[in-house]
Amino acid sequence: MEYTVQKLGSLAGVSTRTLRYYDEIGILKPARINSSGYRIYGQAEVDRLQQILFYRELGISLDNIKEIVTAPSFDGAAALIEHREKLLEKKEQLELLIANVEKTIAVTEGSMKMSNKEKFDGFKKKMIDENEKKYGKEIREKYGDDTVNKSNAKLQNMTQEQHDEVTKLAEQVTLTLAEAYKIGDPGGDLAQKAADLHKQWLCYYWNEYSNEAHAGLAQMYVDDERFTAYYDKEQPGTAEFLRDAIKIYIGMKK
């Protein structure tokens, strides 16, 4: 079975402009161009378009999708299994949010009561899922599944008051760290205050705190470019400064 741009667009529910753009950027090229100059797509292109739309649904950028689907090692069957797992996670989150909305409607109508914790369960589940997507592999390899699962459970069971407190702490860490960086001394009072605030913030998520784990996380902030980009977005070098401050805080560096 072969398709023109219009027929493939109609089949997949995307615009012909989108398909032409995918051709231009090299993410989905037609199988051939016919004698009349029309783009013609075959089964392989249909399958690739499906993969692209799956990745788009998961919020992945076109640049990253292109790297994935054009890689020589790309395995379509394995990708479908991964899509299924991600979509099931998304389904679970949506079902939790729907249940949350339904309970809230019932509360509004006076037919049931709802705890403050229940009001935010769906949103906390979304936060956990997003963290798993971004950093789950690295964190689990470093600290183990049991530690990460306990941390996720602690976040899921966090009360609204605790959530407000940890959000405020995160803001204090950011502000204090920025001021300490201007001074430039990781062993100074302000930098050590930032390290202590960072420890307090961690303890809202970790079941058990240890100096070694704190130091390991601080080093990951430097080693992993995603963490580094987060801390360095306002001032390059902040991630390294925080690592050094934490090492001094726990007595690893003088």
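Guide: Begin with burial: a residue counts as buried when its relative accessible area is under 20%, as exposed when over 50%, and as partly exposed in between. Keep in mind that this is a predicted model.

Visitor: Is Thr-238 buried or exposed?

Guide: Thr-238 has a relative accessible area of 7%, so Thr-238 is buried. Thr-238 belongs to helix H13, which covers residues 238–249.

Visitor: Which residues does Thr-238 touch, leaving out those up to four places away in sequence?

Guide: Thr-238 touches Leu-177, Tyr-181, Tyr-231 and Asp-232, with residues up to four places away in sequence not counted.

Visitor: Now a helix as a whole. How many residues does helix H10 have, and what does H10 reach from its first C-alpha to its last?

Guide: A helix is expected to span 1.5 Å times one less than its number of residues. Helix H10, residues 189–202, has 14 residues and reaches 20 Å, close to the expected 20 Å.

Visitor: Which residues of H10 are buried, and what covers them?

Guide: The buried residues of H10 are Ala-191, Gln-192, Ala-194, Ala-195, Leu-197, His-198 and Leu-202. Their cover includes helix H9 (160–183), helix H11 (211–223), helix H12 (225–231) and H13.

Visitor: At what angle do the axes of H10 and H13 cross?

Guide: Angles of 65 to 115 degrees count as roughly perpendicular. The axes of H10 and H13 cross at roughly 85 degrees and come within 9 Å. That makes H10 roughly perpendicular to H13.

Visitor: Which residues of H10 and H13 meet?

Guide: On the H10 side they are Ala-191, Gln-192, Ala-195, Asp-196, His-198 and Lys-199. On the H13 side they are Phe-241, Leu-242, Ala-245, Ile-246, Ile-248 and Tyr-249. Of the H10 residues in this contact, Ala-191, Gln-192, Ala-195 and His-198 are among the buried residues of that helix.

Visitor: Next, aromatic rings. How many aromatic pairs does the structure hold?

Guide: The structure holds six aromatic pairs. One of them joins Tyr-181 and Phe-241, with 5.5 Å centre to centre and 75 degrees between the planes. Planes over 60 degrees apart count as edge-to-face, and the pair of Tyr-181 and Phe-241 is edge-to-face. Tyr-181 lies in helix H9 and Phe-241 in helix H13, so the pair ties together parts that are 60 residues apart in sequence.

Visitor: How do Tyr-181 and Phe-241 count in terms of burial?

Guide: Tyr-181 counts as partly exposed, at 24% relative accessibility, whereas Phe-241 counts as buried, at 7%.

Visitor: What is the geometry of the Trp-201 and Tyr-205 rings?

Guide: Their centres are 5.4 Å apart and their planes at 65 degrees, so the pair of Trp-201 and Tyr-205 is edge-to-face. Tyr-205 counts as buried, at 18% relative accessibility. Elsewhere, ring pairs link Tyr-221, Phe-227, Tyr-230 and Tyr-231 into a cluster.

Visitor: On to charged side chains. How many salt bridges does a search of the whole structure find?

Guide: The general idea is a side-chain nitrogen of Lys or Arg within 4 Å of a carboxyl oxygen of Asp or Glu. The search finds six salt bridges. In one, the side chains of Asp-23 and Arg-39 meet at 2.7 Å, N to O. This pair links distant parts of the chain: Asp-23 is in helix H2 (residues 16–24) and Arg-39 in strand S2 (residues 39–40), 16 residues apart. Asp-23 counts as buried, at 10% relative accessibility, and Arg-39 as partly exposed, at 22%.

Visitor: What are the closest N and O distances for Asp-224 with Arg-226, and for Arg-243 with Asp-244?

Guide: For Asp-224 and Arg-226 the closest N and O atoms are 2.8 Å apart. Asp-224 is buried, with a relative accessible area of 12%, while Arg-226 counts as partly exposed at 31%. For Arg-243 and Asp-244 the closest N and O atoms are 3.1 Å apart. Arg-243 and Asp-244 are both buried. Salt bridges with shared partners also join Asp-23, Lys-29 and Arg-39 into one network.

Visitor: Finally, which residues does Leu-19 touch beyond those up to four places away in sequence?

Guide: Leu-19 lies in helix H2 and counts as buried, at 0% relative accessibility. Leu-19 touches Val-5, Leu-8, Gly-9, Val-14, Leu-28, Tyr-41 and Leu-49. Leu-19 and Leu-8 are eleven residues apart in sequence and 8.5 Å apart in space, C-alpha to C-alpha.

Notes: Residues numbered from 1 in each chain as written. Predicted model: local features only at pLDDT ≥ 70, side-chain atom pairs only at ≥ 80, totals over all residues. Heavy atoms only, no water. Helix = DSSP H or I, 4+ residues; strand = E, 2+ residues; numbered from the N terminus. Buried < 20%, exposed > 50% of the residue type's maximum accessible area, 1.4 Å probe, protein only. Contact = heavy atoms within 4.5 Å. Phe/Tyr/Trp six-rings, centres within 6.5 Å; stacked < 30°, edge-to-face > 60°. Axes fitted to C-alpha atoms, helices over the stretch in contact; angles between N-to-C directions. Parallel < 35°, antiparallel > 145°, perpendicular 65-115°, else oblique.
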